[in-house]
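Welcome, and thanks for bringing this model along. Let's take a friendly walk through its helices, strands and aromatic rings.

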Amino acid sequence: MKPGLSLRVSQHLALTPQLQQSIRLLQLSTLELSQEIEQMLQDNPFLEQDALEMGAEESMALERSLRTDEALIRESREEQSDAPEFIANNSDSIRADSQKDTESTGSDESAPTTEPSDWEGDGSPDIPADDTEWGVDASARGPGASQASDDYDPTEHNSSHSTLQEHLHRQALSLRLSPEDRAALGMLIESLNDDGYLEDDFETLAQSLGATTLDDVEELIARFSIALKWLQNLEPVGVGARGLAECLLLQLRAKPEFAQDAVLQVAARILRHPLELLAKRDVKRLAQLTHASSDEIKAAIPLIARLEPKPARMFAQVERNIVIPDVIVRSEKRRGQMVFTAQLNPEVMPRLNVNDLYANALKGSKKTEAVQGLQTRLQEARWFIKNVQQRFDTILRVSQAIIERQSSFFKHGAVAMRPLVLREIADEIGMHESTISRVTTAKYMSTPYGTFELKYFFGSALTTETGGIASSTAVRELIKQFIDAESKAKPLSDNAICQMLKEQGIECARRTVAKYREALRIPVTSLRKTL
């Protein structure tokens, strides 16, 4: 075959860097967008944030960055000359303060008695009268604790709380243990999970310490067995359990009236049998296994329900994700009718500008390779500003289209939601479905009924007896209302809910009801039943 050259004309779609950035910014959440902007502000010198949005410190930093190099060098030299003198003058006071903090921490530590038989605790999740029992507020009980500060920060106070391991180690300091037993107890404390349970068995812990021979493993297992008894008598009650049943049993046995209370004894016998029976509230089967009456079983189940399944819950540092809405729905009356409009949340809209000082300085420069690189960065800054603005414009257009389609929701709530698919919004604003999907993901709208993700307003359609359609979101809300109004002694089954929906004119199969109920995180009938 003879090689040759030929020309061919063809068309293909190519995504420019500007278009790729626009698509990427469109699918970012508010938090991810702020991180992207911060990164771009650091990387691109031509991009700056509006000074009106900046605080005092940021404005001062921007002002310093625009000073001449000579002034910056002079200030840095002055700071370097003053730094050693400042450290020398304050090192003694810093050392003294740290020593005082150490002494005060050691003197304020609280711990249980050294003998397990003297330990008392009711396992109640209520806050004790003296918060120093948990070792979290000891520093606030000094002489000046009564003087509240106006600059109090709850998040800072929360971050100062002790962890579960720190709390248990402080209690272990007061126990009279041999060095070997203390080391074994410390190993068990460090092996607890976030809920306060001991997941690893003793043999695994022994092997993790390097024990290879059978004698060494057996010796460590014996040490761990003794240390476990000490651990399970520390606070919070139930810590160190190997499972949920043992955790609840420890809390029952810790009650002072456990030996004389017949109901507590029955509750303890219930926990020695499979917890599935307790979850199903199978009173008849539990009565047969525990040799107790049905009335005793019914009285014991609420006692077990009031126990704490996660003893380390109070020490968990839970980070709450605060949702900041991208769009806020405003309502006003026009000609006697309520009209809803979408407005962008000004708190999430960044004001970005091109630095005029740098841009103007670049205009008069000669076209060298370095200048061409800077011009490229300047164009990138302009593209970024345009794409960010286009992102918010698209979100606003999609949100307004959703409000017009779901106007009944904003007037009457979720039960008035109508079926809506992405194609309807895409056809209305002239965009592709994939673009609408990106816009509605991780974007939130503040409404009179709460803050919802934009995807919440989309739902499939269910037929009605009259030939109409009903939104799956509205059906889920109806199911939730039915279950909220049910009798706790005789909760509704999925079949009963299915019949109630048919009475409302909505054709919904039992499997669909079960799927919607599980999506709402509502348990089955047996778990909702109250004895």
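Predicted model: local features only at pLDDT ≥ 70, side-chain atom pairs only at ≥ 80, totals over all residues.

What follows is a short tour, from the whole chain down to single residues.

**Ground rules**

Residues are numbered from 1 along each chain as its sequence is written, and side-chain values use heavy atoms, with hydrogens and water left out.

**The whole chain**

The protein chain comes to 23 helices and eight strands. Here helices (H or I, at least four residues) and strands (E, at least two) are DSSP runs, numbered from the N terminus. Of its 531 residues, 34% count as buried. Buried means under 20% relative accessible area, exposed means over 50%, and partly exposed is in between, with a 1.4 Å probe and protein chains only. Among contacts between residues at least 6 apart in sequence, 62% join residues at least 24 apart. A contact means heavy atoms within 4.5 Å.

**A four-stranded sheet**

In what order do the four strands of the open sheet lie? The order is β3-β2-β5-β6, and the pairing is mixed. Two strands pair if DSSP finds at least two bridges between them. At the edges are β3 (337-344) and β6 (450-453), each of which pairs on one side only. On average, neighbouring strands of this sheet are turned by 30° against each other, direction ignored.

Strand β5 (residues 444-447) runs parallel to β2 (residues 327-334), and two bridges join them. Val 327 has Met 445 of β5 as its bridge partner, and Ile 328 stands opposite Ser 446 in β5. With β6, β5 pairs in the antiparallel sense over four bridges; Met 445 stands opposite Phe 452 in β6. A hairpin is formed by β5 and β6, with two residues between them. The covered face of β5 holds Met 445 and Thr 447, whereas Tyr 444 and Ser 446 are on the uncovered one.

Helix α16 lies across β2, β3 and β5, and runs at about 160° to β3. Two packed helices are described by the angle between their axes and the distance between the axes. Axes are lines fitted to C-alpha atoms, for helices over the stretch in contact, and angles run from 0 to 180 degrees between N-to-C directions.

For α16 (residues 369-405) and α19 (residues 433-440), the packing angle is about 95° and the axes are 10 Å apart. That makes α16 roughly perpendicular to α19, a term for angles of 65 to 115 degrees. Thr 394, Ile 395 and Val 398 of α16 make the contact with Ile 436, Val 439 and Thr 440 of α19. By class, this contact has four nonpolar, two polar and no charged residues. Ala, Val, Leu, Ile, Met, Phe, Trp, Tyr, Cys and Pro count as nonpolar, Asp, Glu, Lys and Arg as charged, and the others, Gly among them, as polar.

**Aromatic rings**

The structure holds 11 aromatic pairs. Rings of Phe, Tyr and Trp (its six-membered ring) pair if their centres lie within 6.5 Å; planes over 60 degrees apart count as edge-to-face, under 30 as stacked and the rest as tilted. Two of the pairs are set out here.

| Pair | Centre distance | Plane angle | Type |
|---|---|---|---|
| Phe 409 and Phe 410 | 5.1 Å | 80° | edge-to-face |
| Phe 452 and Phe 457 | 6.3 Å | 75° | edge-to-face |

Phe 409 is buried, with a relative accessible area of 1%, and Phe 410 is buried at 3%. Both Phe 452 and Phe 457 are buried as well.

**Two residues to look at**

Is Ile 328 buried or exposed? Ile 328, in strand β2, counts as buried because its relative accessibility is 17%. Leaving aside neighbours within four places in sequence, Ile 328 is in contact with Thr 341, Ala 342, Gln 343, Asn 345 and Ser 446. The C-alpha atoms of Ile 328 and Pro 346 are separated by 9.5 Å, and these residues are 18 residues apart along the chain.

Finally, Ser 472 lies in helix α20 (residues 472-484) and counts as buried at 4% relative accessibility. Not counting residues up to four places away in sequence, Ser 472 touches Gly 459, Ser 460 and Tyr 516.

Key. Parallel < 35°, antiparallel > 145°, perpendicular 65-115°, else oblique.
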